[in-house]
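Have the structure open while you read.

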Amino acid sequence: MTIELQVCCYCNCLNCLLAASFNQPNLPSNAIWAHRGITFADRSIVGGNSRALFVDTNNTIYLVNTVNNTILLYDGYNLTPKNVIPEVLLGCSSLFVTSNGDIYANMNIYAHRSGRDLYLVKKWISKTNSFEVVMNTSEECFDLFMDINDTLYCSILLKHQVVKKDSSYSSFVPILVAGTGNEGSASDELNKPHGIFVDINLDLYVADCSNHRIQLFRFGKKNAVTRVGQESQKPTISLKSPSGIALDANKYLFIVDRGNDRVVGEGPNGFRCLIGCNAYGYDTQYTQLRDLYTMSFDVFGNILVVNNYNDHIQKFVLTKIPSGLPLNEPQLCHSASWNRRGIILTNQSTIKPTTQNIFITTNNTIYVTHSEEKKVLIWNDNDPTLTKSISGDIRNPRSLFVTSNGGIYIGNDRTDPVVKRWTSKKNTFETVMNASHACYGLFIDITDTLYCSIFHEHQVVKKDLSDASFIHIPVAGTGNKGSAFDELYEPRGIFVDVNLDLYVADCGNHRVQLFRFGKKDAVTVAGSMSDELTVSLRNPIGIALDVNKYLFILDSGLDRIIGEGPYGFRCVIGCYESSSSDQFISPMAMSFDLFGNMIIIDANKNRIKKFLLENLCGELREDLTFLKQKKAICW
């Protein structure tokens, strides 16, 4: 409830200013909704094949009972309706409610005595508690919308068009606003339009269902721009039979992707799956979503959807607004460099030769594993004195990840290939995932999903940590080694950004692969077979990203760290031929600290070294050589 109140405080400022009757929440780019929906209404309440749903800014929920042909009004999520509006609303599939409480609903009368079917839109007037006809259409209105000028819009699926009517006009006949009346995929055509939305600029968004796209008709224009889906001007996300649309306060799109049984949302970094998602973008196993039609935000930013397969109205709760990842992603200036001589933090008297893992949190706490004594060692970088050690049944751990609440995740070796979690509450390690082989990389994304790179099976798997089972599902790689776009060869380090895009150090293929969320095929962003000239790699095993999503790669085969910037890749640590003690051989792990320094495990000399960030922003340095370019250049 705390989250609901916090969101409510600022969600609906736009609604207040414009007197909009529906909710457009002001959401952060990485907002998360619960994986499982809560059933608010079922077939006993709405009947069968009910698609109508509307939630107003008072959190009144409007539904239609298709058996009794009535409209039901619920005060929030109270299970007893506060009002039932009786009327012969045959075939009602869409509702729109204005800020004064008037209700617009479509109505279909078949085999009328005139010899033809009638398709009407009626308005229930709250002051008089009665209905009146406001529009006649040639076929059924699939969706209704009222803009800020009180103009009523109707999408006519079988006529492949959207029409509108000014509510101040006495005529019941609408005029054409989008589509030609013939099905097609040209910029002025539609094919079975479903959901519609009109923003404050009177621009019309249409879920062009059978064209698998979202069309944007600017006010007064007959030709649309494809915003999402097939033939969009910018890369967005693939859609299959989209049926519903909503916009948040920032005009980001939220789409019911009916053919994929999911809801997708837009943000400043593009589109991502929000509800009904698995490794490849959708999953009915966890959500039981099928044949979705409509969605609506409530006043708290929760998402309600109509699940037509089982005639359920389900609520997906806005569970949290994450602050970000629990690791450091520094803001680095373009000419940043690191001192070539590292400072020794620990040596073999503290850590043993088999130590391979390090993690540094955003409060600069350092975690490393002590393999021989089966411990996790913890200290703060500002004070090298060991502050804590945690013992447990951990066996030569291959990977380590720490969450923002202090949960420690360990990936054991192949003799006991499980992922274990330690929490302060239980003060013991417990198994959270079983794997057939050791996890050589661990990562937990902003949705509390655990990722594991299985080196010997050439794939990355993931598991929802809210699920009590130990079962995981594949997210990248086929399970067979290979170099195709959907294949991996001995993957090591992994990183999942706030958009849920997965980066994989594809060690055996000498490259770094980027799997966009929901995609089976990757893009090579560094190393062999990359689309653009990047940098040659040899057995990359670690990955980090800075705040600008530039890559930093532990290139173990060449004993160096590679960094990316606006001008390409360059070597940043381990770049000079030297036999002196300031160089390292066989780096095993890397992590940024709070200040942008790099902490690296030097396995050859059994020590941890810190390479200090030198703040040289704006200075031209002749020794900064970019691997994409022949001449020195300032970042």
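A cavity here is a set of grid points where a 1.4 Å probe fits but cannot get out. Keep in mind that this is a predicted model. With that rule in hand, the count comes to six cavities of 30 Å³ or more. The largest cavity holds about 500 Å³ of space. It is lined by 28 residues, and the closest to its centre are I358, L400, L442, I543 and M590.

Which strands supply the lining of the largest cavity? At least two residues each come from β29 (358-360), β33 (399-402), β37 (439-444), β41 (491-496), β45 and β49 (587-592). Strand β49 gives the largest share, with five residues.

## A proline in β45

One of the strands that line the largest cavity is β45, and P540 sits in this strand, which covers residues 540-545. Is P540 buried or exposed? Its relative accessible area is 0%, so P540 is buried.

Setting aside neighbours within four places, P540 is in contact with R492, A505, D506, C507, H510, R511, I553, L554, D555 and S556. Now look for N509: this residue is 31 residues away from P540 in sequence, yet their C-alpha atoms are 8.9 Å apart in space.

## Rings that meet

Time for some aromatic side chains: the structure holds 18 aromatic pairs. Take F54 and Y62, whose ring centres are 6.2 Å apart and whose planes meet at 75 degrees, so this pair is edge-to-face. Both F54 and Y62 are buried. They also belong to one aromatic cluster, made up of F22, F54, Y62, F96, F145 and F197.

Another pair to find is W338 with F552, again edge-to-face, at 5.9 Å centre to centre and with 75 degrees between the planes. W338 lies in strand β27 (residues 337-338) and F552 in strand β46 (residues 551-555), so the pair ties together parts that are 214 residues apart in sequence. W338 counts as buried because its relative accessibility is 5%, and F552 is buried too, with a relative accessible area of 0%.

## A threonine and its partners

Next, go to strand β18 (residues 225-229), where you'll find T226. At 10% relative accessibility, T226 counts as buried. Which side chain does the side chain of T226 make a polar contact with? The partner is the side chain of Q215, at 2.6 Å.

Q215 is one of several residues around T226. Leaving out neighbours within four places in sequence, the contacts of T226 are R213, I214, Q215, E231, S232 and Q233.

## Two loops with positive phi

Finally, check the backbone at two spots. N69 has a positive phi of about 55 degrees, although N69 is not a glycine. You can find N69 in the loop between β4 (60-65) and β5 (70-75). With 16% relative accessibility, N69 counts as buried.

K251 is another residue other than glycine with a positive phi, near 65 degrees. This lysine is in the loop between β19 (242-247) and β20 (253-257). Its relative accessibility is 30%, so K251 counts as partly exposed.

Methods:
Residues are numbered from 1 along each chain as its sequence is written. This is a predicted model: local features need pLDDT of at least 70, side-chain atom pairs count only at pLDDT 80 or more; totals for chains, interfaces and linings use all residues. Side-chain values use heavy atoms; hydrogens and water are left out. Helices (H or I, at least four residues) and strands (E, at least two) are DSSP runs, numbered from the N terminus. Buried means under 20% relative accessible area, exposed over 50%, partly exposed in between (1.4 Å probe, protein chains only). A polar contact is a pair of N or O atoms within 3.5 Å; within protein, one must be able to donate a hydrogen and the other to accept it, and residues adjacent in sequence count only if both atoms are side-chain atoms. Contact means heavy atoms within 4.5 Å. On a 1 Å grid over the protein atoms alone, a cavity is a set of points where a 1.4 Å probe fits but cannot get out, and a pocket is an open set with protein on both sides within 12 Å along at least five of seven lines; lining residues have an atom within 4 Å of a point. Grid points are joined across faces, edges and corners, and a volume is the space filled by probe spheres set on the points. Rings of Phe, Tyr and Trp (its six-membered ring) pair if their centres lie within 6.5 Å; planes under 30 degrees apart count as stacked, over 60 as edge-to-face and the rest as tilted.
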